[in-house]
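Trainee: I have a new structure to read. Can you take me through its features one at a time?
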Amino acid sequence: QGLTGTLAVDSLLAMDEGDLGGWDFSISRLSVKLLASSINEASFNGEVHIPAMKDGSNLTYGATIDAGGKYNFIISPSDTLTFPLFGNAKMQLYKNSSVTIHIENDKFVPTANITGNISFNAQFKKGDDKNSFKLGKVEFQEMKFSTVEPVFDVKYFAVSANLGQGTFANFPIGINTIKFVINSNKAKLSI
């Protein structure tokens, strides 16, 4: 007895209209499954913009809400994602990177958990390639960004002997280890 089926709406929320704890998001499609006039499940999809990413670089997501009201967001790149970061630095995010979103105190709390690498090419003076800092790929695992404490954390940083070579003001440099330590509200990077 009652209505059974799926209702759907497209282009529900534009990127500049959605707010996930300070991160922009859109809803491209919303669908609701009804069983005997009761909501069985709702799902929606769209894009999320993490502030650390360049404007226009967004991740796609899919989300479901069960009959009990629990949210399940799955956000991740479909392939390795490369984008500029910090001027001439480049970051690659691997496919196992993800963003989870849960509700805490009636507010959305997003957390990015990313794995990939960063390469640096920073010029001290624009157009002067000799006075620069260059470093090959610095690998990282489980680098986390959130809108609640801890706002930033990282499990692992590494450089390999071949990739850790670079230059500083045209002098060769080599980096053997990178250590990142977080204590209370302070972060320390040791090279």
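Mentor: Let us begin with strand pairing. This is a predicted model. Strand E7 (residues 89-93) and strand E9 (residues 107-123) pair in the antiparallel sense, over four bridges.

Trainee: Which residue in E9 stands opposite Met91?

Mentor: Met91 faces Ile118 there.

Trainee: How do the side chains point along strand E7?

Mentor: The general idea first. In a regular strand, side chains alternate between the two faces of the sheet. Now this case. In E7, Ala89, Met91 and Leu93 point to one face and are buried.

Trainee: Let us move to another set of strands. How many bridges join E2 to E3?

Mentor: Nine bridges join E2 to strand E3 (residues 38-49), and the two run antiparallel. They form a hairpin with two residues between them. Ala36 sits in the turn and has a positive phi of about 55°. E3 also pairs with strand E4 (residues 59-66), antiparallel, over eight bridges. There, Val48 has Leu59 in E4 as its bridge partner.

Trainee: Next, charges. How many salt bridges does the whole structure have?

Mentor: The general idea: side chains of opposite charge can pair when their charged atoms come close. A search here finds three salt bridges. In one, Asp10 meets Arg29, with the closest N and O atoms 2.7 Å apart. Asp10 lies in strand E1 and Arg29 in strand E2, so the pair ties together parts that are 19 residues apart in sequence.

Trainee: What about the others?

Mentor: Lys33 forms a salt bridge with Glu41, the closest N and O atoms being 4.0 Å apart. Lys155 and Glu142 meet at 3.7 Å, N to O. That pair links distant parts of the chain, 13 residues apart. Lys155 is in the loop between strands E11 and E12, and Glu142 is in strand E10.

Trainee: Is Lys155 buried or exposed?

Mentor: Lys155 has a relative accessible area of 59%, so it is exposed.

Trainee: Which residues gather in the patch of negative charge?

Mentor: Asp16, Glu17, Asp19, Asp24 and Asp55 do, on the surface. Strand E1 (residues 5-20) gives the most, with three residues. Asp24 is in strand E2 (residues 23-35). Asp24 also stands opposite His49 in E3.

Trainee: Why does Asp24 count as partly exposed?

Mentor: Because its relative accessibility is 33%. Partly exposed lies between the two cut-offs: buried is under 20% and exposed is over 50%.

Definitions and conventions:
Residues are numbered from 1 along each chain as its sequence is written. This is a predicted model: local features need pLDDT of at least 70, side-chain atom pairs count only at pLDDT 80 or more; totals for chains, interfaces and linings use all residues. Side-chain values use heavy atoms; hydrogens and water are left out. Patches are made of residues with over 30% relative accessible area and no salt bridge: like charges are joined within 9 Å, nonpolar side chains (Val, Leu, Ile, Met, Phe, Trp, Tyr) within 5 Å. Accessible areas come from the Shrake-Rupley method with a 1.4 Å probe; for residues, only the protein chains shown count as cover. A salt bridge is a side-chain nitrogen of Lys or Arg within 4 Å of a carboxyl oxygen of Asp or Glu. Lys and Arg count as positive and Asp and Glu as negative; His and the chain ends are not counted. The place of a charge is taken as NZ of Lys, CZ of Arg, CG of Asp or CD of Glu. Buried means under 20% relative accessible area, exposed over 50%, partly exposed in between (1.4 Å probe, protein chains only). Two strands pair if DSSP finds at least two bridges between them.
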